[in-house]
Amino acid sequence: ALMATPIIFQKRVAPSDVCPFEYSTEWLSAQHEKVAEQCTAPLECSSDLVQNNKTAIMSCRGDAVERENVFGLEPQEFGGIGFADFLFSITDTPFVFRDGQLFPTSTFIDSLTQSVKIILVFFTPEYGLTTVLSFDADMSGATSVYVDVKVQHYAVLEGAQLIAYLVVQCLVLLFIVSMLVDMGVNIKGFITTYREDKTTPSVTSVALIAVDLLSIALTVIVVCVRIPAKLGSANVVREILGNLNGIPWASSTTSVGEKKEAFFKNVQGLLTLIEQEGTVDSFLNVVLIVLLIRVIQCTSLHPRLALLTGTVSKAMDDFWHSTLLIILIMGSFAGIGTWRFGSEKADFATWEVTMQTQFFMMLGDFGGVEDWAEEADLAAFVVLYVIVMFLLVLNFLLA
């Protein structure tokens, strides 16, 4: 169910007669003068042009607009200063009348628009999911518009699901207790060995104890943050959705600004909850990866299980030098690819994107350059990269 009317939010910059390039500034001034010369009878010009406003003809992008009204709208705070309107006001009508002026809705988005966001809030009663669907268009780039679609969920836990979640968290705490007991036994063994033989523990042993201690601390933090959040998730969602549902959209006594302010306040609160969940998830992901590496390291306790750790230990020197070689070659290819194809293909737009494209090519995925055989330069680049990276470097490493 849609919980509120869709909102369109844009960030803008002011027009400027000063451009990043000196020639561009001179060219804008020349265009203004050329048009101003025609402002003689019987022709008429706008007051902006007559008053020597150079941006009335053409302009470059200036500073962000944060105080003045735009399209009859007051500035609104939502992840930055911008201007919000009801989506149906822009899409369903050719004109809107505000502050005594008639605004064509087709001019709501123009060359001074930096970004546009369309926000919709849904609630799924069957699953207890609150969803924020947003369409983002970044127009600040020099060559193209970057469009992204985000679907963010916040789940309510109640009843049996909440009980199951708490049981799992209790099992995690029991696991933490077992790790603490194991650490205590190991530390006691280190102390006993030092008292008897004056032998200090190895650096590896101390490092493993430190990793275990860090993992325990991080896991406890995650559990302590998550449990209160899940216990209060139902009340938080009830409050936010109640506020959204209570916005008097059809009221003639409540101003449009107050309605938008209430909408953005509650949506921002919902997004903050989702972002906090995402931060904790990222935090927990790091902890789980560390624990996974620790589990793999523990397989070295048995000779028949130490196939992976033993092989990695003996081949570490070769791995290290091979990694340096791969990074050097891929980085060089990425520089060439970005320079040659960056202005033509999105998969070579930046050095980082080119590195990602090359990584997938190394794994056999040529989806980003599926038309490589149609261009001689790209074909030569791809063939040379495959020969060097796949046929030579990777096979040398395996050998």
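Within the largest nonpolar core, which has 26 residues, the members that touch the most others are Leu-244, Phe-263, Phe-264 and Val-267. Keep in mind as you look around that this is a predicted model. Several elements each supply at least two residues of this core: strand 1 (7–16), strand 4 (81–86), strand 7 (113–124), helix 6 (233–245) and helix 7 (256–298). Helix 7 gives the most, with seven residues.

Val-267 is a handy place to start exploring. Setting aside its neighbours within four places in sequence, Val-267 is in contact with Phe-78, Ile-119, Val-121 and Leu-244. There is also a second, separate core of 17 residues, and its members include Ile-329, Phe-348, Val-369 and Leu-378. In soluble globular proteins, nonpolar side chains tend to be buried together.

Two further residues are worth a visit, and here are their accessibilities.

| Residue | Relative accessible area | Class |
|---|---|---|
| Lys-230 | 10% | buried |
| Ala-349 | 41% | partly exposed |

Lys-230 belongs to helix 5 (residues 203–231). With a relative accessibility of 10%, Lys-230 counts as buried because buried means under 20%. Not counting residues up to four places away in sequence, Lys-230 touches Ala-155, Leu-157, Leu-162, Tyr-165 and Glu-277.

Ala-349 sits in the loop that runs between helix 9 (316–341) and helix 10 (351–362). Beyond residues up to four places away in sequence, Ala-349 touches Thr-338, Gly-342 and Thr-354. If you trace the chain from Ala-349 to Phe-390, the two are 41 residues apart, and their C-alpha atoms are separated by 23 Å.

Definitions and conventions: Residues numbered from 1 in each chain as written. Predicted model: local features only at pLDDT ≥ 70, side-chain atom pairs only at ≥ 80, totals over all residues. Heavy atoms only, no water. Helix = DSSP H or I, 4+ residues; strand = E, 2+ residues; numbered from the N terminus. Buried < 20%, exposed > 50% of the residue type's maximum accessible area, 1.4 Å probe, protein only. Contact = heavy atoms within 4.5 Å. Core = buried A, V, L, I, M, F, W, Y, C linked by side-chain atoms within 4.5 Å.
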